[in-house]
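Trainee: I would like to learn how to read the features of a model like this. Where do we begin?

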Amino acid sequence: MPRHRSVLGASLALLASLACAAPAEGPISVSADSGRFEQAAGTGVYSGNVELLQGNRTMQAEKMSLFTKDGELVRVEATGTPVKLSEGEDLEAHASNLVYDIKARTLVLTGDAFIRHKGNTFEGAKVEYSLDSKRVDASSEGDQRVRLVIPAENQIPGNDKKDNGNADSESATP
């Protein structure tokens, strides 16, 4: 029982630091089947049905590692089959691996990476996404090519005032 209390206490300390470090979207909440936090290293590792919630952002994975620096969350690394991320109805992503850089506000997805943003979809071996600029960079590997799909309704001028689906072989901005 004392071991469970120490894990719970460390997890609560991590969640308190996450809430302080969270940007304007709100506090971050993490739940899992098991978890371990190493305060000296500034790392938390959560396993089994892991779910991270922040505002309208949801991330689900089999394993999630959280990294802090000076009590502030700086990076989240997640693995799963697949890792899933959603942000309201505008953004959906999944891949075998996901790295979320909190300060840069970027996502890097690898392993059958997929992102759908406002109906436009991007697929590749690796997809990088900026939460601020909404820029998507996709790259291929081996015989897996980059793929972009723009639905017909997104091709109508003025239908989506801010975003359009311009793409080249290496990068695209929805």
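Mentor: Begin with the terms for strands. Strands (E, at least two residues) and helices (H or I, at least four) are DSSP runs, numbered from the N terminus. Two strands pair if DSSP finds at least two bridges between them. This is a predicted model, in which local features need pLDDT of at least 70 and side-chain atom pairs count only at pLDDT 80 or more, while totals for chains, interfaces and linings use all residues. Residues are numbered from 1 along each chain as its sequence is written, and side-chain values use heavy atoms, with hydrogens and water left out.

Trainee: Which residue takes a positive phi in the hairpin of strand 5 and strand 6?

Mentor: Gly88 does, with phi near 60 degrees; three residues lie between the two strands. Strand 5 and strand 6 run antiparallel and are joined by 10 bridges. One place to look is Ser86, whose bridge partner in strand 6 is Glu92.

Trainee: How many bridges pair strand 6 with strand 7?

Mentor: Nine, again in the antiparallel sense. Leu91 stands opposite His117 in strand 7. This hairpin has four residues between its strands, and Arg105 in the turn has a positive phi of about 55 degrees.

Trainee: Now the charged side chains. How many salt bridges does the structure hold?

Mentor: The general idea is that side chains of opposite charge can pair when their charged atoms come close. A salt bridge is counted when a side-chain nitrogen of Lys or Arg is within 4 Å of a carboxyl oxygen of Asp or Glu. The structure holds nine. One of them joins Arg57 and Glu87, whose closest N and O atoms are 2.6 Å apart. That pair links distant parts of the chain, with Arg57 in strand 4 (residues 57-69) and Glu87 in strand 5 (residues 72-87), 30 residues apart.

Trainee: Is Arg57 buried or exposed?

Mentor: Relative accessible area decides: under 20% is buried, over 50% is exposed, and partly exposed is in between (1.4 Å probe, protein chains only). Arg57 is buried at 2%, and Glu87 is buried at 16%.

Trainee: Which residue forms a salt bridge with Glu72?

Mentor: Lys103, with the closest N and O atoms 3.2 Å apart. Glu72 belongs to strand 5, while Lys103 lies in the loop between strand 6 (91-101) and strand 7 (106-117), 31 residues apart. Glu72 is partly exposed at 31%, and Lys103 is exposed at 60%.

Trainee: What sits over the ring of Phe67?

Mentor: A charge sits over a ring if NZ of Lys or CZ of Arg is within 6 Å of the ring centre and within 35 degrees of the ring normal. Here the charged end of Arg75 sits over Phe67, 4.1 Å from the ring centre.

Trainee: Which residues touch the most other members of the largest nonpolar core?

Mentor: A nonpolar core is a set of buried Ala, Val, Leu, Ile, Met, Phe, Trp, Tyr and Cys residues joined through side-chain atoms within 4.5 Å. The largest one has 30 residues, and Met59, Met64 and Val76 touch the most other members. Among the elements that give two or more residues to this core are strand 1 (28-31), strand 3 (43-54) and strand 9 (136-139). Contact means heavy atoms within 4.5 Å. Leaving aside neighbours within four places in sequence, the contacts of Met59 include Val50, Leu52, Met64, Val76, Leu85 and Leu98.
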